[in-house]
Amino acid sequence: MAVDPRQLLAGFLTISMFVMVGNMIKRDHFDTFEVALSDSAGVEVNVIKVEERKITQVAKFTTIPTKNIATNYKEIVNQCWLKPSPKPVASSEGFVTFSLTTGPEFHISQVTDAVVIASHLGASLVLPTIRGNEVGVKRNFNDMYDVKKFTTSLSGIVKIAHELPLEFASKKPTIIRVPNRVTEEFISKTIEPIFQTSKYIHLSIIFPSISLRKRDTQNKDLNVVACQAMFHSLQLKADLHEVAQKMVEKLKALGMENGGRFVAIDFRSDMLNKRSCMVVRGRRKSCYNASEIAEFLKKLGFGPNSVVYLTETWWHEGLSPLKEAFPKTYTKDDIIPAGKKRQFLQVGNGDLHRALDFHICSNSDTFVPAISGLFYGNVAGQRIISGRTQILVPSQYVGYSAAASDFVSAYVSKKSHLAYSCLC
């Protein structure tokens, strides 16, 4: 029987339409970049080409634990700022002191503000002491951070004093409360007049807001100083960095089936019963429990062999939903070198706990902040600067159908993090 050519044409157009619709459904919204995935550990290599407002998968993944999301790419980034060349240091115009408090996520912001202020004033910045959350816990700067790295990275920007000279040590400084992310106006109008009189001030840096979004207007010179201080001055001292890096390597070894990849989740069960965790008038929650996070990961396609790191120190029953969904779920106690447990995990070392967490979350293939806050913001900044932009933020609506791009951090999808003001 003869076939009507018009029927053939209609059939072809119908098939073409379905193909087009299928491609539209697959699209997710990401920013513009191109990535090639490593072929280590025998993992099938695949190139993802991402164009503005759409993502097209060129070849099929075999062991990537998520669907529609690349999990071991590093975006190529270029720093826009140039560190000033070392220059002869003029005689000191006075001294600025401050303390590091709470944990590394606060330390980064505190150091940045102190460096910006001291540089603007032409003052010497005294190495800070470190005060933990626990009463009576106090450390010297070199107990936790690499002093040489700190002073070298800031040479040409601000003079670093290891201690106060005797003529100032016997005096009491003028204490100034400084809002985080200090502005040039605040320095000029509030801090500078006091400093010109006393020549010795102590900064008490407060956090009325934890937003790390870019500002529309900012002083270019101050921005250069802030970029260098925030992203290149603080590094754990050698023995602490070694332990943190060994924990990263162990997680990668545990994830060899997935090409050495793992996801790190900032999860703090002590926050779950606080009022801030509750949904208020339909807003997005600020923290999520183990069941919600397990559902979130499964929704995005993480399989049961995925390696998951939690920023909890010890295991407890509240984490069981995650362990049931992902048997390879670990806490610090599970992966820290046995000989280091007593040094790092004992009560009173909360700042060391968070230092390990910060390093691991900054270097994981995927980061999921189960709780909002400064830890999330400053980890995001470190990841953006290093090109690790795989940051997925949960929602209480994880049970509903949504594109994977709905969960990409706005810091990345909208390039709203202040780190992008440091990049070209």
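Helices (H or I, at least four residues) and strands (E, at least two) are taken here as DSSP runs, numbered from the N terminus. In these terms, glutamate 163 is placed in the loop between strand 8 (159–161) and helix 4 (166–169). The views below show a predicted model.

**Figure 1. Overview of the predicted model.** The protein has 424 residues, of which 50% count as buried. Its secondary structure consists of 14 helices and 14 strands. Among contacts with a separation of 6 or more, 73% are made by residues 24 or more positions apart.

**Figure 2. Glutamate 163 in the loop between strand 8 and helix 4.** Is glutamate 163 buried or exposed? Its relative accessible area is 61%, and exposed means over 50%, so glutamate 163 is exposed. Phenylalanine 95 lies 68 residues from glutamate 163 along the chain, and the C-alpha atoms of the two are separated by 9.9 Å.

**Figure 3. The largest nonpolar core, with Ile265 and Leu297.** This core holds 103 residues, and Ile265 and Leu297 touch the most other members. Helix 2 (residues 104–121) gives the most to the core, contributing 9 residues. Why does the core lie between domain 1 (95–233) and domain 2 (238–422)? Both domains give residues to the core, so it lies between them. If residues up to four places away in sequence are not counted, isoleucine 265 touches Ile293, Leu297, Val308, Tyr309, Leu310, Thr311, Val368 and Ala370. Another core, of 6 residues, lies apart from the largest one, and its members include Val126, Ala161, Leu164 and Tyr200.

Figure 4. An α-helix has 3.6 residues a turn, so residues three or four places apart point the same way. Glycine 301 follows helix 8 and has a positive phi, near 100 degrees.

**Figure 5. The disulfide between cysteine 227 and cysteine 422.** The structure holds 1 disulfide. Its sulfur atoms, from cysteine 227 and cysteine 422, are 1.9 Å apart. The torsion about this S-S bond is about -90 degrees, so the disulfide is left-handed. Which parts of the chain does the pair link? Cysteine 227 belongs to helix 6 (residues 220–232), whereas cysteine 422 lies in the segment after helix 14 (410–413); these distant parts of the chain are 195 residues apart at the two cysteines. Cysteine 227 has 1% relative accessibility and therefore counts as buried. Cysteine 422, at 2% relative accessibility, also counts as buried.

Figure 6. The whole structure contains 8 aromatic pairs. One of them joins phenylalanine 141 and phenylalanine 150 in a tilted arrangement, 4.9 Å centre to centre with 55 degrees between the planes. Phenylalanine 141 and phenylalanine 150 are both buried. Phenylalanine 296 and phenylalanine 407 form an edge-to-face pair, with 5.0 Å centre to centre and 85 degrees between the planes. This pair links distant parts of the chain: phenylalanine 296 is in helix 8, and phenylalanine 407, 111 residues apart from it, is in the loop between helix 13 (374–386) and helix 14. Phenylalanine 296 counts as buried because its relative accessibility is 0%. Phenylalanine 407 counts as buried at 3% relative accessibility. Elsewhere, ring pairs join Phe95, Phe168 and Tyr200 into a cluster.

**Figure 7. Arginine 261 in the loop between helix 7 (238–254) and strand 11.** Is arginine 261 buried or exposed? With a relative accessible area of 5%, arginine 261 is buried. A polar atom of the arginine 261 side chain lies 2.8 Å from the backbone oxygen of asparagine 258. Arginine 261 is 45 residues from serine 306 in sequence, and the two are 8.0 Å apart in space, C-alpha to C-alpha.

Methods
Residues are numbered from 1 along each chain as its sequence is written. This is a predicted model: local features need pLDDT of at least 70, side-chain atom pairs count only at pLDDT 80 or more; totals for chains, interfaces and linings use all residues. Side-chain values use heavy atoms; hydrogens and water are left out. A nonpolar core is a set of buried Ala, Val, Leu, Ile, Met, Phe, Trp, Tyr and Cys residues joined through side-chain atoms within 4.5 Å. Buried means under 20% relative accessible area, exposed over 50%, partly exposed in between (1.4 Å probe, protein chains only). Domain bounds come from an automatic or database domain assignment. Contact means heavy atoms within 4.5 Å. A disulfide is a pair of cysteine sulfur atoms within 2.5 Å. Rings of Phe, Tyr and Trp (its six-membered ring) pair if their centres lie within 6.5 Å; planes under 30 degrees apart count as stacked, over 60 as edge-to-face and the rest as tilted. A polar contact is a pair of N or O atoms within 3.5 Å; within protein, one must be able to donate a hydrogen and the other to accept it, and residues adjacent in sequence count only if both atoms are side-chain atoms.
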